[in-house]
Amino acid sequence: MGAEVARARPLHGGNLSEVQLLELTDSRRVVAKTVTLVAAEAAMLPAICAAGAPAPELLGAAPPASRSRRPAPGSAIAV
């Protein structure tokens, strides 16, 4: 994503995944989801958008690097 995570805080919701608000060192704020089926969700978001339904922009996706409470940049779905 081109920046490091400065802060992370959990968000409510996410019945099937852990959802966090990440504040990046370049002042951007993004939502990160730690999900089991990263590839499936990463493919789903652009497909939803292509169908004309509102969907967040996919910024990146990669398998989780660890089970820590604070995902490393690029270790989850970031939207």
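Is Gln20 buried or exposed? I looked this one up before anything else. At 4% relative accessibility, Gln20 counts as buried (buried means under 20% relative accessible area, exposed over 50%, partly exposed in between, with a 1.4 Å probe and protein chains only). Gln20 sits in strand E2. Helices (H or I, at least four residues) and strands (E, at least two) are DSSP runs, numbered from the N terminus.

**Ground rules**

I noted that this is a predicted model, where local features need pLDDT of at least 70, side-chain atom pairs count only at pLDDT 80 or more, and totals for chains, interfaces and linings use all residues. Residues are numbered from 1 along each chain as its sequence is written, and side-chain values use heavy atoms, with hydrogens and water left out.

**Overall layout**

Reading from the N terminus, I get the order β-β-β-α-β. The chain has 79 residues, and 25% of them are buried. I also looked up the surface: the chain exposes about 5,100 Å², with carbon and sulfur atoms supplying 57% of that. Accessible areas come from the Shrake-Rupley method with a 1.4 Å probe; for residues, only the protein chains shown count as cover.

Next came contacts (heavy atoms within 4.5 Å). Of the contacts with a separation of 6 or more, 34% are between residues 24 or more positions apart.

I checked pLDDT, which is the predictor's confidence in each residue, from 0 to 100. The chain's mean is 79, and 76% of its residues reach 70 or more. Among the elements, E1 has the highest mean pLDDT (93) and E4 the lowest (56). Over residues 71-75 pLDDT stays under 50, and the model has twelve contacts beyond four places in sequence for that stretch.

E2 is mostly covered, with five of its seven residues buried. I then asked which strands pair with it (two strands pair if DSSP finds at least two bridges between them). On one count, E1 (residues 5-10) pairs with E2 in the antiparallel sense over five bridges. On another, E2 (residues 18-24) and E3 (residues 29-34) run antiparallel and are joined by six bridges.

I traced a few opposite pairs. Arg7 faces Glu23 in E2. Leu21 stands opposite Val31 in E3, and Glu18 stands opposite Thr34 in E3. Glu18 has a further link: its side chain and that of Gln20 are joined by a polar contact of 2.5 Å. A polar contact is a pair of N or O atoms within 3.5 Å; within protein, one must be able to donate a hydrogen and the other to accept it, and residues adjacent in sequence count only if both atoms are side-chain atoms.

The hairpin of E2 and E3 has four residues between the strands, and there Ser27 takes a positive phi near 80°.

**Salt bridges**

How many salt bridges does the structure hold? I found three, using the rule of a side-chain nitrogen of Lys or Arg within 4 Å of a carboxyl oxygen of Asp or Glu. Side chains of opposite charge can pair when their charged atoms come close.

- Glu23 pairs with Arg7, with the closest N and O atoms 3.2 Å apart. Glu23 lies in strand E2 and Arg7 in strand E1, so this pair ties together parts that are 16 residues apart in sequence. Glu23 is partly exposed at 25% relative accessible area, while Arg7 counts as exposed at 53%.
- Asp26 pairs with Arg28, and here the closest N and O atoms are 2.9 Å apart. Asp26 is partly exposed at 37%, and Arg28 is partly exposed at 31%.
- Glu41 pairs with Lys33, with 2.6 Å between the closest N and O atoms. Glu41 counts as buried at 14%, whereas Lys33 is partly exposed at 21%.

**A loop residue**

Last entry: where does Leu58 lie? I found Leu58 in the loop between helix H1 (38-50) and strand E4 (77-78). Leu58 is partly exposed, with a relative accessible area of 28%. I also looked at Leu58 and Ala43, which are 15 residues apart along the chain, and their C-alpha atoms are separated by 9.2 Å.
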